[in-house]
Amino acid sequence: MTTYLEFIQQNEERDGVRFSWNVWPSSRLEATRMVVPVAALFTPLKERLDLPPIQYEPVLCSRTTCRAVLNPLCQVDYRAKLWACNFCYQRNQFPPTYAGISELNQPILRGPQMPLIFLYVVDTCMEDEDLQALKESMQMSLSLLPPTALVGLITFGRMVQVHELGCEGISKSYVFRGTKDLTAKQLQCTFPNTGARIMMFIGGPATQGPGMVVGDELKTPIRSWHDIEKDNAKYVKKGTKHFEALANRAATTGHVIDIYACALDQTGLLEMKCCPNLTGGYMVMGDSFNTSLFKQTFQRVFTKDMHGQFKMGFGGTLEIKTSREIKVSGAIGPCVSLNSKGPCVSENEIGTGGTCQWKICGLSPTTTLAIYFEVVNQHNAPIPQGGRGAIQFVTQYQHSSGQRRIRVTTIARNWADAQTQIQSIAASFDQEAAAILMARLAIYRAETEEGPDVLRWLDRQLIRLCQKFGEYHKDDPSSFRFSETFSLYPQFMFHLRRSPFLQVFNNSPDESSYYRHHFMRQDLTQSLIMIQPILYAYSFSGPPEPVLLDSSSILADRILLMDTFFQILIYHGETIAQWRKSGYQDMPEYENFRHLLQAPVDDAQEILHSRFPMPRYIDTEHGGSQARFLLSKVNPSQTHNNMYAWGQESGAPILTDDVSLQVFMDHLKKLAVSSAA
Amino acid sequence: MSQQGYVATPPYSQAQSGMGLTPPLYGHYGDPSHAGAPPGAMKPAGPMGAAPGGVLPPGPPPPGPHQFGQNGAHAQGHPPQRFPGPPPASGAPPSYAPYPPATQSSYPSPLPPASVSQLGRQLDTMHISYGSGMAPPGQGPPGSQSAPSGQGPPPPLQPSILQPGSQVLPPPPTTLNGLGAPPMPPPGPAPPNAQLQPPPLPGQTLGSGYPPQQGNYGPQMPGAQLAYPGGFPGGPAQMAGPPPPQRKLDPDAVPSPIQVIENDRATRGGQVYATSTRGQVPPLVTTDCVVQDQGNASPRYIRCTTYCFPCTADMAKQAQIPLAAVITPFATVPSNETPLYLVNHGEAGPVRCNRCKAYMCPFMQFIEGGRRFQCGFCSCVNEVPPFYFQHLDHVGRRLDHGERPELSLGSYEYVATLDYCRKNKPPNPPAFIFMIDVSYSNIKSGLVRLICEELKTVLERLPREEPELPSAVRVGFVTYNKVLHFFNVKSNLAQPQMMVVTDVGEVFVPLLDGFLVNYQESQSVIHNLLDQIPEMFADSNENETVFAPVIQAGMEALKAADCPGKLLIFHSSLPTAEAPGKLRNRDDKKLINTDKEKYVDVASLGLVPQLTGGTLYKYNNFQMHLDSPQFLSDLRNDVEKKIGFDAIMRVRTSTGFRATDFFGGIVMNNTTDVEMAAIDCDKAVTVEFRHDDKLSEDSGALIQCAVLYTTIGGQRRLRIHNLALSCSAQLADLYKSCETDALINFFAKSAFKAVLHQPLKLIREILVNQTSHMLASASLLQLILPDSMKVLPVYMNSLLKSCVLLSRPDIPTDERAFQRQLVMTMGVADSQLFFYPQLLPIPRLAHQCSQRPARLEISYRFFPSPRVLEVNYCQQLPFR
């Protein structure tokens, strides 16, 4: 079935869409039995070099409840100059402009060009060095802005100062008390519905005002997960509520809020997370503004495409139109609902639901939404063979050039009767997409529910999927087989369970919020890396190769390169570390060793240069304290409990009581085949 | 530490043995110039005046000669300055140097001791004879008057008849010759041994206050006789003369305040007034003299309505004389008077009575060999703290009596310990915040530019603790219209930073560091700012202002800086912007949109300065060319004047009476503590006393006013003023000791306070009734007004003419409120001038300017004259 892999890949490249199922079960009942819902990861602004903007208005279906856009999937009657909407089957006339449309004869451009607005919101309560570094970064960013861009500056400490730029002789600012919840944010009122980026630079937690995170006195530690669980964090709820209101307001007016938080301790990202989460802003967490991590990351915000335009879209709205048999349940990602009811809105809400339109204030080429659908076709109304369901994604946004643009993505998938054609449905399973879609659901739940409940839910889903699609004899775990399209899925789930997205142990609330924020907006590839980090091995025994994320991969004569998305870690095995310490790399006769040492560093640099936000770069070795980052990620196949059973030569034992993938799988099989379940 | 200036002095303290409360007479601490002043000459009532200089009488030597001896003969043995006094000691005859020129002209050179004593004797003579002053004034020199003394009726020198139609004027005011006149030959029975005189008989005491008047008499008599042919030789009965009582009021017959003022000036002006004697009436406020503290506070600090209190409440009721003291604790003293000495007991702090908490003062009696002292106020016997112990001499006075200001002076200061500070923390130096209304009208009138320009000069002259040190006062700047603009003028800034606060509903100070700065350090930034402010708002069309938020902002700033301070608000319009404290126009609606419309609701806004010890300056319809000189002078004066912050005042009295009512720019949270955010040299608190028991003639009535405050340099201090009054069971004594100017001050304040809750008609009636009652009782027997109250009717008439007590539609409410407020904090000198302004003819020829023109009576008679007149209304209110 290589064709499906290719199909999936092609679709992703062309449309920026990946579905959990590429053949859809044709009845509602069957669809619910598939365990993994029909859902898609959609990247609205997926970069495509071959996608020229069309400089005229799209043609819309004339049915007022539909208004779908004319697309290649529509049936066109060229003689009658009619086209049939593939969503509502309305037959539409082509507009007169289509008659003589040509390169030279284009309809009027949409709307005026709007300037970009960048508002710098700077915390002044930080060390001088940090402030200085931040200042330099901001000056750098100013040099990158187009000359037409509008710039604002707000500084805050105990009070908020809105600076009036462009005063001569005196520097003027408007000051507001930090403790007061002002009802009117001036700038927001001034530029409604214009793309604007509010960039907040935060050097520490808020200690006063409605969004305060921690008390004023240094002796009070900032809340931990432990405190939150025991309901001992008195500011969390109030703060979160405040920032949610703020984020909603910003989202309504179409403004993006970025948070750049640099401090050694937490800064209250837990409370503030909704600001970037709801507005499509960035969240960057670092130790100090004076680190390359922040500086590079911030610089990357202003990356430009080949046309010299920022890779950012503003004030986007995503509208989804579906054919009759399927409805949209909701979306999970950096968006807010626009509360637009329509015929294609499902009553069954998943994520941000109850609407067919969402606002995505900030869009980057990788911004990806998970969109969940519900098959509503009744069991007794079969769809004829060869019938296709269609979904249209209409994304309107303000391009960084100031233009308003619309991107229309229309896809169609075959229907199949799950009772007779279960194999073809199973074969269309995109386990990677499914893993991410399920992960988003789990993390979405984790934001509101208790951690163990989410894990239990995730486990149950996995077991049900195994029961549905595995081949086995009842009550015989050893007989369990999974087809290729499902084979990796349990492993993803295993790592997801261990990931910081669902495990809060050892992570501060801020870190959890930070990790979750990025997971919820990255595209499939990056998300997969986050769930299951990639491990490369470099050794003299051959070219660099990907190896299992397993403790058995940790060998003395290997260099490992691990990419967890947030961290790039180079680990030198025991022997390599000793060689390096002895300085062999500096001896001409051991040049090959120097090359070996250099190879992972070069690869790491490549990743470091392209990724946003820039990952933390860690160079460590066997026994090094930072090796813990590696040891905590790998599958603990060897632990202090079983290391001798596995042989002493291979791998490094992990001192943990966590279950290994093998144990996990054994249990899974046992439960899946159990007739009691 | 002032104490180090003290040296052990010879026991001249004996001199006052048996004087009880009367302190010794060397008010010349540390200042040899004063010490060596011709005491005899200058202190008519003082015992040392009687002591022939150089000739030490046997027995307890009077202090006078001693001082001479000390400064002359023993000078080498003692540092010349016992207290570090301000005027530097200079040479051999330094003693005389500091006296004002007027004095010197009267006594052109240091008088030889003999003449000094002669003069002293002469003066004594005079007041002795004054006591018998029933003699017709026109008959011969006073020295020759020999009527029986002790008679104690009202001094008839310039008697007035009560009946309105027949009031008789004193002699014409050609007083200058009085000054120049050589002392009368010393005949008469002047007792050189003046120690015997006090404790003075009431009459004598009074006399001591008045003798100079007689001095005038010699030359003036002819005039007097001309004007009032009917002298009053024996009494009213014999009053004969053209103006019979029934006749229409003859303007010339009305007692002339000018006459009284000039008489007092002639007789007492330029002299030394020593405060040694209990109950002596000081010279009038209009009279320049040198006050020497000899155990009682200078009249500059405390002036009473009467210097003799009735013994009983019944008597007080009968007399209806208000018993009040006008206290100006920070009054400015002229440079030729000794400033207050500072006492520092280190960590021990001031010595106080355990029971009533009165501070150590000359009224405390040391007993049991100095181990204990008895409080003069509550009679409680207290242990003397070990550090304070000192042996007593054979007359029961401490050996260090002369070295400690608190034992021998009426006024002095203590360094307060941390116990007297808020939160037991030393205070920070105060801050001045300049808050300028930059709304359209203020910009347009040019006032903002004027202020900014002037501030550059004014800021150079911020008040300072020590003249040689830079001022510790920090300054801050705020401008406002309907929003507030704060300025960061930190010294390291290249240009000032402006911070706008729009949240006037809940105003706050947007910056801590850089708002209040040291002027010297931030001078360039401040000048930069002051240059820019008029430009910045030049195009402003904003004509709405806020007021309450401005004050709140200033308060918050001071609170944040944890310091006391002063807000200088330059406000020009009714605060109509939407904010707390918004006001509506309550004035005449017909005037709206006319030129006359200029209403800022002084009654409401003025409460702020009034309750915080501030000053309200008001300029009607400010016009640059007319008002700027006055405005600038007010501004300079206000910034530079001496001021104390965070003050709390307590007036303690000896048993038998107590302070019951207080008027002034004060806040009281209980019945005794007078709280003042600030008090400056112009502010007075008028205190009314009432009996709660009997007073005895022996012990008199003692008053101690203690003000705890923070100096301009940020030091916490206690300023103590002590005053002893006499008591009498004779009504006549009371009237004789009355002080009309203080009475008017009291009446004005109590009436102005009453206007808030009583109808004007009633207030006016009360004033008239009480005045006539007082005058009637005073002259019950003779129908002659006592000298001390002669001009009371005229002054009362002036008070009744004050627009505050008139209700006429053409008087703007702002003006009434303003004048009311102005008077409420006035001292006696100011209120005198306010209610009886100076009317001066302006000489037609320039060369005539060399001499000060004589003051004219305020009477319609002078107004039709073609002469140009200048009215010196009050320093704050130029006549327009």
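Buried means under 20% relative accessible area, exposed means over 50%, and partly exposed is in between, with a 1.4 Å probe and protein chains only. Take B:E454: its relative accessible area is 9%, so this residue is buried.

Some ground rules. This is a predicted model: local features need pLDDT of at least 70, side-chain atom pairs count only at pLDDT 80 or more, and totals for chains, interfaces and linings use all residues. Residues are numbered from 1 along each chain as its sequence is written, chains are lettered from A and ligands numbered from 1 in the order in which they are written, and side-chain values use heavy atoms, with hydrogens and water left out.

Chain B as a whole, then. Chain B has 24 helices and 27 strands. Those are DSSP runs numbered from the N terminus: helices are H or I with at least four residues, strands are E with at least two. Of the 880 residues in chain B, 59% are buried. Now contacts, meaning heavy atoms within 4.5 Å. Among those in chain B between residues at least 6 apart in sequence, 74% join residues at least 24 apart.

Next, salt bridges. A salt bridge is a side-chain nitrogen of Lys or Arg within 4 Å of a carboxyl oxygen of Asp or Glu. The whole structure holds 60 of them over all chains.

Back to B:E454. Which residue is its salt-bridge partner? B:R636, with the closest N and O atoms 2.5 Å apart. B:E454 sits in helix α13 and B:R636 in helix α18 of chain B, 182 residues apart, so to speak a link between distant parts of the chain. B:R636 is partly exposed, at 28%.

Chain A has a pair of this kind to show. A:R516 and A:E447 meet at 3.5 Å, N to O. A:R516 lies in helix α14, and A:E447 in the loop between α11 and α12, so the pair ties together parts that are 69 residues apart in sequence. A:R516 is buried at 4% relative accessibility. A:E447 is partly exposed at 32%.

Then a local one. B:K736 bridges to B:D733 at 3.7 Å. They are 3 residues apart in helix α19 of chain B, about one helical turn. B:K736 is buried at 4%, and B:D733 is buried at 7%. There is also a network of salt bridges in chain B, with B:K566, B:D638 and B:K641 among its members.

On to strands. Two strands pair if DSSP finds at least two bridges between them. In chain A, 5 strands form an open sheet, in the order β25-β24-β26-β27-β28, with mixed pairing. Why do β25 and β28 each have one side without a neighbour in the sheet? They stand at the edges, each with a single partner strand. Inside this sheet, β26 and β27 pair antiparallel over 5 bridges. A:D563 stands opposite A:I568 there.

Strand β21 of chain A is worth a look too. With β20, β21 pairs antiparallel over 11 bridges, and A:Q396 stands opposite A:I406. The two form a hairpin with 5 residues between them, and A:G402 in the turn has a positive phi of about 100°. With β2, β21 runs parallel, joined by 3 bridges. A:P25 stands opposite A:A416.
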